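The entries follow in the order I made them.

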Amino acid sequence: MKWTKRIHKTTITALSATLIMVSGWSAPVTSVHAAPATCGTGDHGLLQALQNKHSGDVSTPLSFSDVQFLNGNIGRAAGNGFMIGTSDGGCHFQEIYQGQWSFKQFDFPDNVHGFALASVEEGQAQYLIGTSNGGSEWKRLSNNAVSFERINFIDSKKGFAYERAAMFYTKDGGLSWSKISTPPNTRGAYFSDRNTGWAVVIVPGSGYRVMKTTDGGGTWSLSLKAAFAEPEFGQISAKGDQVAVLLYGGTGMSQTSYSLYESANRGKSWNRVIAQETAGGGPAPGSGKAEFNKGPAAGKPGNLQLVGNSTSFLVGFSPAAEKVAVGRSYNGGKQWANLPELAGYDGVTSFTSNKEGWLAIHELDYSSLYVTKDGGASWERRFSLKVMTQ
């Protein structure tokens with residue numbers, strides 16, 4: 001079953017306009033979204049043709065790859081060939097896009113402009129694409145494929161792109177990129193603005209070094225050392241005064257060892273929050289006392305997210321145990337809580353405050369979106385795509 005282009009374009013344009021109006025990007029229409037009596041469930045009647053097409057497809061099931069909310073009400077989620085959105089906190093979802101692009105990761109700095117890493121088919125060449133109408137239409141921003149693993153845009157023009165060993169900056173909306181100078185053997189980086197950045201550096205046979213720059217990469221200074229025999233890569237993020245870094249150990253038997261360090265004073269001092277040692281992955285990087293010897297779901301670490309000036313979230317998943325969970329700190333890593341688990345194989349989070357957040361999970365028969373209003377202590381499913389036929 002093929003969608004009629006004209007009908008499809010009308011539908012998604014209407015949604016984009018609604019999302020824009022509700023978020024204040026156009027004249028507000030107060031009568032459009034009165035408080036709903038009840039919230040929808042299941043797939044909200046969306047993406048029926050795609051669900052039928054992928055039914056029973058074990059190799060490329062229809063599923064969410066990323067989710068991003070701008071506030072407690074407005075957000076989007078996307079996967080292989082689709083993007084959906086909500087403007088009332090997930091009570092109702094609408095289709096924004098359905099087409100050739102298979103989304104890996106996307107980032108909307110506002111409700112109109114968006115950027116994404118996507119391929120025409122899963123496993124094929126990946127491109128940087130952009131939208132200027134809320135996500136209903138996308139275009140390539142260059143003719144060449146990109147090797148970016150992650151993107152992060154500050155606004156509609158300025159943004160960063162990250163590879164495992166390099167990072168880049170754009171000031172023209174992704175049309176051109178300049179490489180940022182990072183220390184040798186960088187294996188993970190993050191810039192909170194054009195001047196302030198962090199890099200995870202590996203020293204083979206010795207361990208990890210976390211470096212900081214305040215002049216855009218011109219000079220770097222040491223902030224943290226963590227001993228480890230076989231360092232590989234790390235994940236780092238910074239917001240306000242807090243910095244968090246995830247240092248990876250080994251992986252084996254569906255298990256990953258890692259350490260999570262957090263700083264509440266811009267890297268002047270650090271707290272070893274999690275040091276997860278596993279039978280399959282070996283010891284955790286670093287040394288010294290850790291608050292916890294297991295992370296969320298006692299499994300592999302997922303995306304790390306900082307909110308405000310002292311809140312951090314980390315998603316963890318255990319494919320063997322079929323569990324997904326979130327861990328959090330409300331005081332810059334001084335205390336940590338691993339929260340209740342959900343059934344699933346992996347997940348990605350998007351928190352808009354220390355209480356409100358979303359979690360996209362791959363389950364056995366579904367790919368679902370969950371919402372929390374209490375910082376991950378409890379979750380409510382708001383959307384689910386059936387990905388296999390019983």
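**Confidence and ground rules**

I began with confidence: the protein chain has an average pLDDT of 89, and 89% of the residues score at least 70. pLDDT is the predictor's confidence in each residue, from 0 to 100. The model is predicted, so I kept to its conventions: local features need pLDDT of at least 70, side-chain atom pairs count only at pLDDT 80 or more, and totals for chains, interfaces and linings use all residues. Residues are numbered from 1 along each chain as its sequence is written, and side-chain values use heavy atoms, with hydrogens and water left out.

Over residues 1-18 pLDDT stays under 50, and the model has 25 contacts for them beyond four places in sequence. Residues 20-36 also stay under 50, with 22 contacts beyond four places in sequence. A contact here means heavy atoms within 4.5 Å.

**Whole chain**

I noted 2 helices and 27 strands in the protein chain. These are DSSP runs numbered from the N terminus: helices are H or I with at least four residues, strands are E with at least two.

Of the 390 residues in the protein chain, 55% are buried. Buried means under 20% relative accessible area, exposed means over 50%, and partly exposed lies in between, with a 1.4 Å probe and protein chains only. I put the accessible surface of the protein chain at about 16,700 Å², with 50% of it belonging to carbon and sulfur atoms. The areas come from the Shrake-Rupley method with a 1.4 Å probe, and for residues only the protein chains shown count as cover.

For contacts between residues at least 6 apart in sequence, I recorded that 42% join residues at least 24 apart.

I picked out an open sheet of 4 strands, with order 7-8-9-10 and antiparallel pairing. Its edge strands are strand 7 (150-153) and strand 10 (178-179), each pairing on one side only. Two strands pair if DSSP finds at least two bridges between them. Strand 7 and strand 8 (residues 159-162) run antiparallel and are joined by 4 bridges.

What stands opposite R150 in strand 8? I found Y162 there. R150 also lies over the face of Y162, at 4.1 Å from the ring centre. To count, NZ of Lys or CZ of Arg must be within 6 Å of the ring centre and within 35 degrees of the ring normal. I logged R76 in such a position too, over the face of F108 at 4.0 Å from the ring centre.

**Aromatic pairs**

A search of the whole structure gave me 23 aromatic pairs. The rings of F115 and F153 have centres 3.6 Å apart and planes at 5°, so I list the pair as stacked. It links distant parts of the chain, with F115 in strand 4 (residues 114-119) and F153 in strand 7, 38 residues apart. Both F115 and F153 are buried.

F160 and Y169 form a tilted pair, at 5.3 Å centre to centre and 50° between the planes. F160 and Y169 are both buried. The rule covers rings of Phe, Tyr and Trp (its six-membered ring) with centres within 6.5 Å; planes under 30 degrees apart count as stacked, over 60 as edge-to-face and the rest as tilted.

I also noted a cluster in which ring pairs link F64, F69, F82, F93, W358 and F383.

**Positive phi**

H44 is not a glycine, yet its phi is positive at about 55°. I placed H44 in the loop between helix 1 (5-22) and helix 2 (48-54).

M253, also a residue other than glycine, has a positive phi near 55°. M253 lies in the loop between strand 16 (242-252) and strand 17 (255-263). Is M253 buried or exposed? I read 62% relative accessibility, so M253 counts as exposed.

I looked up H54 in helix 2. H54 counts as buried because its relative accessibility is 10%. Leaving aside neighbours within four places in sequence, H54 is in contact with T60, P61, L62, N80 and V387.

My last entry is P285, in the loop between strand 18 (271-276) and strand 19 (300-307). P285 has 0% relative accessibility and therefore counts as buried. Not counting residues up to four places away in sequence, P285 touches several residues, including Y208, F228, Y248, Y261 and R272. P285 and P231 are 54 residues apart in sequence, with 7.9 Å from C-alpha to C-alpha.
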